[in-house]
Amino acid sequence: MKATFAGCPAVKPRDGSWTAVLAQYRKPDTIRSTVEIAATAIPFVALWTLTAVAVANGYWLGLLLTVPAAGFLVRLFILQHDCGHGALFARRGINDWTGRVIGVFTLTPYDYWRRTHAVHHATAGNLDKRGIGDVSTLTVREYRALSRWGRIGYRLYRHPAVMFGIGPAWLFVCQYRLPLGLMRAGLQPWVSTIATNIGATVPVVGLVWLLGIGPFLMVQVPITLIAATAGVWLFFIQHQFEQTHWSDNKDWKFQDAALYGSSHYDLPFPLRWITGNIGIHHVHHMAAKVPFYRLPEVLRDYPDLRHIGRITLFQSFSCVKLVLWDEQAKRLVSFREALQN
């Protein structure tokens with residue numbers, strides 16, 4: 001499967017980059033942002049409550065509601081994500097505190113995550129700066145240089161059962177409980193993490209007291225795991241596609257890495273809505289401060305961008321096998337392809 005590339009559209013902004021072109025879309029609408037929060041948080045709380053009531057009364061089919069509830073939890077994370085980029089509101093303080101509150105629901109410490117995600121945006125597609133906020137990806141040469149056990153370890157890490165099963169659970173349930181890796185980043189990541197843990201513990205204790213530990217876990221665990229898996233899948237597809245863009249530090253250019261190293265995950269409308277247009281990821285990486293609800297405006301006004309890095313839902317499933325960057329072919333390849341060359 002190959003993502004579709006049509007090259008950069010023939011737009012000639014004053015500074016010769018997309019930065020000036022996309023700046024006009026950066027202004028958020030406070031009312032719209034507030035409505036989007038309400039339209040996401042209220043259904044999530046309602047679905048969680050309905051599921052809990054159903055389970056508490058023995059209606060096990062109510063557990064089916066955990067799927068749409070997880071969808072709204074993913075959308076809450078997208079709102080938190082926009083806050084981290086200063087995109088949801090005009091004032092940084094409002095973005096930060098909104099993101100911190102949402103982080104209690106998503107189990108994601110806002111300040112910790114914001115720091116690592118900022119590194120991801122600043123280094124995405126740079127072969128010499130891999131390691132923070134990315135899906136670990138080796139080159140074919142690096143993989144061949146590994147020991148036998150090193151290869152086994154990398155194969156296990158890239159196995160779908162680990163990448164989309166164990167990995168999401170570890171990330172959101174365990175890794176986000178301590179800001180490991182940011183020991184030198186000051187107190188803020190630690191304060192954010194501890195505050196998020198405490199903030200999540202208070203309602204959890206109350207709900208366990210009200211429902212009992214069993215019913216609470218039967219509702220919360222599947223919602224958390226489904227949402228975590230969906231979130232990791234989205235992040236994976238946004239950068240792990242065949243014709244993505246990687247380069248050495250000396251050749252790395254932000255605009256090229258953003259435009260060609262991030263996909264346009266062209267999802268059906270319901271999925272596009274529930275994922276907050278995050279599939280328009282190449283535009284997001286070029287201009288992270290564009291609010292998620294304005295990203296479709298960019299595709300409307302610059303339709304050539306629709307074709308750059310475009311991947312459909314059906315096509316995306318074949319990306320799972322792409323695990324190594326071939327520096328000669330300039331594309332991601334499977335283990336089988338790497339061994340054949």
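Predicted model: local features only at pLDDT ≥ 70, side-chain atom pairs only at ≥ 80, totals over all residues.

Modeller: The axes of helix 7, residues 148-158, and helix 8, residues 160-174, cross at roughly 55° and come within 4 Å. An angle between 35 and 65 degrees is neither roughly parallel nor roughly perpendicular, and helix 7 and helix 8 are therefore oblique to each other.

Now for the side chains where the two meet. From helix 7 come Leu156, Tyr157 and Arg158, and from helix 8 come Pro160, Val162 and Met163. Sorted by class, this contact of helix 7 with helix 8 holds five nonpolar residues, one charged residue and no polar ones.

If you set aside the neighbours within four places in sequence, proline 160 touches Gly165 and Val320. For a sense of distance, take serine 263: it is 103 residues from proline 160 along the chain, and their C-alpha atoms are separated by 20 Å.

Helix 9 spans residues 188-211 and helix 10 spans residues 213-239; their axes come within 7 Å and cross at roughly 125°. On the helix 9 side, the contact is made by Val204, Leu207, Val208 and Leu211, and on the helix 10 side by Ile213, Pro215 and Phe216. The class count for this contact of helix 9 with helix 10 is seven nonpolar residues, with no polar and no charged ones.

In the model, residues 190-210 are 100% helix and 0% strand, with 30 Å between the end C-alpha atoms. Residues 217-236 are also 100% helix and 0% strand, and their end C-alpha atoms lie 28 Å apart.

Further back in the chain, threonine 51 sits in helix 2, which covers residues 30-56. With 0% relative accessibility, threonine 51 counts as buried. Beyond its neighbours within four places in sequence, threonine 51 contacts Gly62, Leu63, Leu65, Thr66 and Val219.

Helix 3, residues 66-84, is another one to look at. Its 19 residues reach 27 Å from the first C-alpha to the last, close to the 27 Å expected at 1.5 Å a residue. Helix 3 is mostly covered, with 16 of its 19 residues buried. After helix 3 comes glycine 86, whose phi is positive, near 70°.

One last stop is a strand. Arginine 310 lies in strand 3, residues 310-312, and is partly exposed, with a relative accessible area of 28%. The C-alpha atoms of arginine 310 and glycine 125 are separated by 17 Å, and these residues are 185 residues apart along the chain.

Technical notes. Residues numbered from 1 in each chain as written. Heavy atoms only, no water. Axes fitted to C-alpha atoms, helices over the stretch in contact; angles between N-to-C directions. Helix = DSSP H or I, 4+ residues; strand = E, 2+ residues; numbered from the N terminus. Contact = heavy atoms within 4.5 Å. Nonpolar A, V, L, I, M, F, W, Y, C, P; charged D, E, K, R; others polar. Parallel < 35°, antiparallel > 145°, perpendicular 65-115°, else oblique. Expected span 1.5 Å × (residues − 1). Buried < 20%, exposed > 50% of the residue type's maximum accessible area, 1.4 Å probe, protein only.
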